[in-house]
Amino acid sequence: MIRVHELKYQSNSKWSLDIPSLHWSTSQTHAIIGLSGSGKTTLLKILQGLLIPTHGTVSLGNLKSRGYVIQEGGLFPHLTLKENLLLPFRSANPRFAKSWSFRYKEEDLSVAVKDRINYLLDLVSLPPDVLRRFPHEISGGQRQRIGVARALALDPELILMDEPLAALDPLTKWELKKDLRDIFDKLKKTVFMVTHDMNVALYFGHTLTVLHEGRVVQSGNFEEVVSHPVNDLVQRLLESGGSVQK
Amino acid sequence: MISVFRFLYCGLLLFSWSAEAQITVGSKMDTEGRILAEIVSQIAETLGETTVIRKHGMGGTGIVYESLKSRFIDLYPEYTGTLWKTVLKKTPTAQEKSLHDELAALGLNLSEPLGFNNTYALALRQEDAQKRNLHRISDLKSNLDLRAGFTPEFLKHPENLSALEKHYGFKLPHIRSLDHGLAYEAVAHSQIDLIDAYSTDGKIKRFGLKVLEDDQHFFPDYQAAFLVRADFPDLYPKTWKAIQKLRGSLSSDAMAGLNARAEIDRIPIPTIAHDFLQKSTSENQLSFVSRYINLELAETTAAHLFLVLVSMTAAIVVGIPLGIFSYLLPKPGKVILALCGVIQTVPSLALLCFMIPWIGIGVLPSLVALFLYSLLPIVRGAYSGLMEVNPRYREVSQAIGLHPRQTLFWILLPLGRGAIWNGICVSAVINVGTATLAAFIGGGGYGTYIVTGLALNDISMILNGAIPAAILALVLHAILRRTMVYPA
């Protein structure tokens, strides 16, 4: 169980994030939705540990490790895809942790790491030869797949995604959407997905949390929210998602 | 490469002043000072009591005097009037003994006067003098429309111009401050009409100028002699005795003749000095000449590159960590950036002069000054390079668990390398240009041509230094630009 309690965060905008109490269950995908500037990314960063709340507590229960994916994958442009993918392994390995350079030697990679990389590539449906390339040499959808693979590298228990499907063309988006849900179903991970697109939220989310100007408007199971929207904003957001199908 | 090492070796020699049997002869930038310094250098070498290091043409009175006091040079030619006014800051008295006493109190000693009096004089174009019937300084009273160009030393010292005006009872309304070497050119081309000059100046004849008679005896004596520290006669008794023997050996006319040979006939100063010292029959005249004309372009380039490369390397090694530090700790970082900015605003020549009492003259203070000047663009480059990295990359680094050290070396520095490299490029170009000033304090490099050219009023000599410096800056910039691989 993931809980936040009396959570407050003062950002630079006119409102502050203020969540009295909220909890989500594990092994499910939770969509956090809201308009631009509603505080959804702030909440995600607090769950990730990138932001320290000004007040209140965050408990991740027995979930220890976290993986993080942002729009376009958040790949480093000066690193090849392989170097990008290796960063979490190298950072965790004390042998390389003190290295001045991000470069690696093929013979320094253990069999376990090589196997893991092959597994991850297979999981996100990418051919192994793509790894030699740089992020700007591949498509947006492929970048996002590498980003997901990198987040999953150390097999985290919690995955946090910020707009993973934004800025993709419709066909790529649809394919990635499908593949991502298959991955989540297969791995049974706890996933938080921030999006402004109700279509995406409804497609992935076991639960929906609607934020507006730093406050939780409604939070609950998918069916519950769809059948009983608490106000006009939620109603309109649901309508923007079109035909509700899971 | 060999010349670089040779230069390094020379630099080391210059700083090992602990070696006893070795004196360093300095001089100001003017031709007369250089000739006198060369004469005394050749005398000392002929005697063989010590070896001689030549630091001729170092700069103005302040630089040379400070260098003598700080033991970076051992003697240099000076004038009694300058010692009174600029060094002792007192009114000269007639007795020579009193000056010796004053200098002894400062731990200094002055050789016997060489014989000529190189006092200040006011000069104007011959034809103007005829046209206006202007022959004496007191005649200036009725010619106040003349445009004057005076050296800063003459202009600023209260006992020079303002005292002269008071003494004669007039005030010149049109006055500009000009370098001595440039003033002759300016008066010859009628850009100014009246200049201050020295009575033994070889250029007065060359430029067809007339010296105004000091009819009310305002200008004090400027007897030339060699200034040393008080311990010099004991340390080098033979050399000192030979210097004392020069007493009265150079009349004003003879000195003006030597000056003219250098400035008008362009005879190398070692040759002039050697000819003057004919009695000491020296067989290896050529070696003197070749020693003086060591301004071979390759060697000068090596010396210049040495200054640039060493100071740049130091600036990069210190500057980039400072830039990183400023980025990581913004509060002390702001102080660092401001300090580097302040250093940049100090005029470079002034910075060089400030350092003489502490580090002396030559290569080392030049390197320190160049290092300080190169710092700001590099620190700023590193700082802004890091600042310009999209903050989301920092977040992602943190989110995938990179240690701050790894974030810095694996992510931020490689991503910010464009601006970092840019700072180094800018710094290198500034450095090549500023390095020409090192010659003013004996640091060598292309500036040697420029300083010598200024002193000898030789424009082609100045260009010999200025053009290679500009080319070097462009080449270095092109190389650095090409080496940089910009982030995708």
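This is a predicted model: local features need pLDDT of at least 70, side-chain atom pairs count only at pLDDT 80 or more; totals for chains, interfaces and linings use all residues.
1. Overall content of chain A. The secondary structure of chain A consists of 9 helices and 9 strands. Of the 246 residues in chain A, 39% are buried. Among contacts in chain A with a separation of 6 or more, 71% are between residues 24 or more positions apart.

2. The sheet of chain A. Chain A contains an open sheet of 6 strands in the order 5-6-7-3-8-9, with mixed pairing. Strand 5 (66–69) and strand 9 (215–221) of chain A stand at the edges with a single partner strand each, so one side of each has no neighbour in the sheet. From one strand to the next, the twist averages 15°. Helix 5 (residues 140–151) of chain A packs on this sheet, where it touches strand 5 and strand 6 (158–162) of chain A. The direction of helix 5 makes about 165° with that of strand 5 of chain A.

3. Pairing around strand 3. Strand 3 of chain A runs parallel to strand 7 (residues 190–195) of chain A, and 5 bridges join the two. Within this pairing, A:His30 stands opposite A:Phe192 of strand 7. Strand 3 also pairs with strand 8 (residues 207–212) of chain A, in the parallel sense and over 5 bridges. Here A:Ala31 has A:Leu208 of strand 8 as its bridge partner.

4. Burial of strand 3. How many of the residues of strand 3 (residues 29–34) of chain A are buried? The count is 6 of the 6, so strand 3 is largely enclosed by the rest of the structure. In a regular strand, side chains alternate between the two faces of the sheet. Both faces of strand 3 of chain A are covered: A:Thr29, A:Ala31 and A:Ile33 are buried on one side, and A:His30, A:Ile32 and A:Gly34 are buried on the other.

5. The pairing of strand 8 with strand 9 of chain A is antiparallel and extends over 6 bridges. A:Leu208 stands opposite A:Gly220 of strand 9. A:Leu208 is also the partner of A:Ala31 noted above.

6. The contact between chains. 18 residues of chain A are in contact with 18 residues of chain B. On the side of chain A that touches chain B, helix 2 (residues 81–92) of chain A gives the most, with 4 residues. The residues of that side divide into 12 nonpolar, 5 polar and 1 charged.

7. A helix pair in chain B. Helix 13 (residues 252–263) and helix 14 (residues 269–276) of chain B pack at an angle of about 150°, and their axes are 9 Å apart. Angles over 145 degrees count as roughly antiparallel, and the two helices are therefore roughly antiparallel to each other. The crossing of helix 13 past helix 14 of chain B is right-handed. Helix 13 contributes B:Leu258, B:Arg261 and B:Ala262 to the contact, and helix 14 contributes B:Ile269, B:Ile272 and B:Phe276. The residues of this contact comprise 5 nonpolar, no polar and 1 charged.

8. The loop residue B:Ser251. B:Ser251 lies in the loop between helix 12 (237–244) and helix 13 of chain B. Because B:Ser251 has 14 C-beta neighbours inside 10 Å, it counts as partly exposed. Not counting residues up to four places away in sequence, B:Ser251 touches B:Gly115 and B:Phe116. B:Ser251 and B:Asn118 are 133 residues apart in sequence, while their C-alpha atoms are 9.9 Å apart in space.

How values were computed
Residues are numbered from 1 along each chain as its sequence is written. Chains are lettered from A and ligands numbered from 1 in the order in which they are written. A residue is buried if 20 or more other C-beta atoms lie within 10 Å of its own, exposed if 12 or fewer, and partly exposed in between; C-beta atoms are placed from the backbone. Two strands pair if DSSP finds at least two bridges between them. Two residues are in contact if their C-beta atoms, placed from the backbone, lie within 7 Å. Ala, Val, Leu, Ile, Met, Phe, Trp, Tyr, Cys and Pro count as nonpolar, Asp, Glu, Lys and Arg as charged, and the others, Gly among them, as polar. Axes are lines fitted to C-alpha atoms, for helices over the stretch in contact, and angles run from 0 to 180 degrees between N-to-C directions. Angles under 35 degrees count as roughly parallel, over 145 as roughly antiparallel, 65 to 115 as roughly perpendicular and the rest as oblique. A crossing is left-handed if the near helix is turned anticlockwise from the far one by less than a right angle, and right-handed if clockwise.
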